[in-house]
Amino acid sequence: MEHRALTFNPGPAALPLPVLERIREELLNYRGTGMSVLEMSHRSKEFEAILNDAVMRIKRILKLDETFHVLFLQGGASLQFAMIPMNFAQEGKPFAYIDTGYWSSKALKEAKNLGKEVCVLASSSDREYTYIPKDFVVEPRFSYLHITSNNTIRGTQWKNFPPTQEVPLIADMSSDIFSRTFNPHLFGCIYAGAQKNAGPAGVTIVIIRDDLLSRVPAHLPTILKYSTFVESNSLYNTPPCFAVYVVDLVMEWLEETIGGLEKMETINRTKAELLYNYLDSQDFYRNPVVPEDRSSMNVIFLLPTPELEKTFLQEAQKEGLIGLKGHRAVGGCRASLYNAVTIEAVQALVDFMKEFVRKNG
Ligand SMILES: *Cc1c(COP(=O)(O)O)cnc(C)c1O
């Protein structure tokens, strides 16, 4: 096998090697059709089978009951920032958002853009988004409450979701869906760009509880209505077929090779503990996040100086450890430990970090 880099990219991110190998195997002739999935009609029975298999696997993996619809959309998680307030607004009821930094700030800005009243129920901006707010009350007067379950850039993660009673809870789970078990029945809507934990860029998974569809306003453009995609089984127009196919393969890998979400969660916990335990055992690298709110997916670490950070990133790259630069908005370093990143890769990173301290500490 050719040499593969160890990628800690924040997204698009590492894909499981067996999935990449399957893609290669099936690329020119998909299961005896004589065609590539890249060339197939999205109305063919082969592609419909792929799409339905992906939906079924997602429902099984997340234990969604028949009250939920699983949709494949385009436009990234970023389009969802706008579609959610457009589709789920209720007359006279403001939107509620929790601001935990970058992506959640972008989401609430889109809601404000629509000229509706947006209430920021809680924010962790007072301490540079290093924690998840917990002291807030969700009154019944809101259309919905929006949270970002994992903050990709700040390295924080909701461990317990807030009780919202009759107010639907909506979550951007782009960077931690399929990484851990959770109770889906707490949510009215969940969305995630596939390119972190579920597949390649180009497709967004949207999960909607059926009762919320009654809110979709008739006047919206057809392609911006969730109901359009529910009614057409995500085949209103040409979907990103190849991306849906890869999502299906990743879901198959998660179910059949890993053995399901509980197993995945255990592996992810092991990976995160490896790195956080090392970070806590020394004082060269520093993680700024409140320990109880640390993300198991995106681990932030700062070096003593920007110069050392630059050297660290250069030397890591030379060793084949890729994608460790922090987001341009916050700097520092970040290792993204998504599902396809192996325990061995995280161990190699920790070994490299130790060696770097020995030489530069
Ligand atoms: C990556 C990311 C986004 C942006 O997703 P796009 O698909 O590029 O629009 C939004 N939210 C979170 C939490 C992310 O990690």
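Biologist: Which residue forms a salt bridge with R60?
Modeller: A salt bridge puts a side-chain nitrogen of Lys or Arg within 4 Å of a carboxyl oxygen of Asp or Glu. This is a predicted model: local features need pLDDT of at least 70, side-chain atom pairs need 80 or more, and totals for chains, interfaces and linings use all residues. Residues are numbered from 1 along each chain as its sequence is written, and side-chain values use heavy atoms, without hydrogens or water. For R60, the closest N and O atoms are 2.8 Å apart, and the partner is E255.

Biologist: How many residues apart are R60 and E255?
Modeller: Helices are DSSP runs of H or I with at least four residues, and strands are runs of E with at least two, numbered from the N terminus. R60 sits in helix 2, and E255 in helix 6, residues 241-258. The pair links distant parts of the chain, and the separation is 195 residues.

Biologist: Is R60 buried or partly exposed?
Modeller: Buried means under 20% relative accessible area, exposed over 50%, and partly exposed in between, with a 1.4 Å probe and protein chains only. R60 has a relative accessible area of 44%, so R60 is partly exposed.

Biologist: Which residue pairs with R294 in a salt bridge?
Modeller: R294 is buried, at 12% relative accessibility. The closest N and O atoms of this bridge are 2.8 Å apart, and the partner is D280.

Biologist: How many salt bridges are found in the whole structure?
Modeller: The R294 and D280 pair is a salt bridge, as is the R154 and E128 pair. A search of the whole structure gives a total of 20.

Biologist: How much space lies in the largest cavity?
Modeller: A cavity is a set of points on a 1 Å grid where a 1.4 Å probe fits but cannot get out, and lining residues have an atom within 4 Å of a point. Residues lining the largest cavity include W253, Y338 and K196. Its space is about 70 Å³.

Definitions and conventions. On a 1 Å grid over the protein atoms alone, a cavity is a set of points where a 1.4 Å probe fits but cannot get out, and a pocket is an open set with protein on both sides within 12 Å along at least five of seven lines; lining residues have an atom within 4 Å of a point. Grid points are joined across faces, edges and corners, and a volume is the space filled by probe spheres set on the points.
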